[in-house]
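Here is a short tour for anyone starting out with protein structures. Have a look at the model first, and then read on.

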Amino acid sequence: MRQDPQAVMLFAAGFGTRMGALTKDCPKPLLRVADKTLLDHALELAQGIAPKTCVVNAHYKHEQITQHLSGSGVRVSIEAPDILDTGGGLRQALPLLGNGPVYTSNTDAVWQGPNPFELLKSAWNPDIMDALLLCVPQKNAVGYTRGGDFQLDQEGRLSRGPGTVYTGVQILKTDRLSTIEDESFSLNVVWDQIQKEARLFGLIYPGTWCDVGTPEGITLAEEMLENSHV
């Protein structure tokens with residue numbers, strides 16, 4: 001029986017230290033880009049696939065995120081007293097997300113082009129994939145100054161190395177999370193396991209993606225969105 005993801009996990013627990021003074025009194029997911037919070041940009045895209053469940057994790061100034069989502073139907077997984085990183089945070093949220101594969105997404109990016117969740121949904125093949133990561137060529141990664149993350153072979157399988165940038169959005173089977181002993185851990189640990197079994201795949205995003213990790217990233221994202229309407 002085909003396993004199609006029915007739930008979305010949005011990562012919103014980080015400290016946003018690269019934002020400097022902007023995150024002193026406000027969590028990064030609630031910073032505004034083009035008059036909309038980063039969290040709402042991500043939620044709007046996630047709602048494009050009409051998930052049965054949507055969960056947001058929160059740690060830094062989690063009260064503000066909980067208040068922002070009040071009445072929305074989105075559930076909040078609060079990480080306390082310690083932050084759990086992406087892997088630990090996803091594992092803690094599994095009772096809310098349910099069984100089966102899930103979409104996960106960072107909340108510090110803005111997109112120009114097709115809905116990333118819809119693209120992943122169309123390309124997902126659980127018979128051969130344990131994870132499908134959406135990547136973008138470096139030339140289309142606005143505001144991203146670090147090296148690339150992954151290389152794709154002709155069949156779409158991923159290996160580590162410069163080439164494309166991981167956009168922060170994926171579909172992931174969550175079974176392996178229970179095998180990791182650490183309470184706080186990155187999803188990189190899971191990807192490395194999946195890659196060894198040749199079940200880590202990537203999909204190239206055809207539009208433009210902006211990394212909003214710094215104050216400069218906010219300006220770049222707003223310019224990108226403005227140019228898309230010219």
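## Helix H3 and its surroundings

The buried residues of helix H3 pack against strands S1 (7-11), S4 (53-58), S5 (75-78), S6 (102-106) and S12 (164-172), and against helix H5 (187-196). Here a contact means heavy atoms within 4.5 Å, and buried means under 20% relative accessible area, with a 1.4 Å probe and protein chains only. Helices (H or I, at least four residues) and strands (E, at least two) are DSSP runs, numbered from the N terminus.

Before we go further, note that this is a predicted model, where local features need pLDDT of at least 70, side-chain atom pairs count only at pLDDT 80 or more, and totals for chains, interfaces and linings use all residues. Residues are numbered from 1 along each chain as its sequence is written, and side-chain values use heavy atoms, leaving out hydrogens and water.

Which residues of H3 are buried? They are Gly87, Gly88, Gly89, Leu90, Ala93, Leu94 and Leu97. With 13 residues (85-97) at 1.5 Å a residue, H3 should span 18 Å, and its end C-alpha atoms are 17 Å apart, which agrees. The expected span is 1.5 Å times one less than the number of residues. H3 has a kink of about 30 degrees at arginine 91, shortly before proline 95; the bend is the angle between axes fitted to the seven residues ending there and the seven starting there. After H3 comes glycine 98, with a positive phi near 90 degrees.

## Strands side by side

Strands of a sheet pair through backbone hydrogen bonds, either parallel or antiparallel. Two strands count as paired if DSSP finds at least two bridges between them.

| Strands | Sense | Bridges |
|---|---|---|
| S1 and S6 | parallel | five bridges |
| S6 and S12 | antiparallel | four bridges |
| S9 and S14 | parallel | two bridges |

Four of the five residues of S6 are buried. In S6, serine 105 is the bridge partner of leucine 10, while tyrosine 103 has isoleucine 171 in S12 as its bridge partner.

An open sheet of three strands runs in the order S7-S14-S9, with mixed pairing. S7 (109-112) and S9 (141-142) stand at its edges with a single partner strand each, so one side of each has no neighbour in the sheet. Valine 142 stands opposite cysteine 210 in S14.

## The lining of the largest pocket

Which strand gives the most to the lining of the largest pocket? It is S12, with five residues. H3, S6, S12, H5 and S14 each supply at least two residues of that lining.

Conventions:
Buried means under 20% relative accessible area, exposed over 50%, partly exposed in between (1.4 Å probe, protein chains only).
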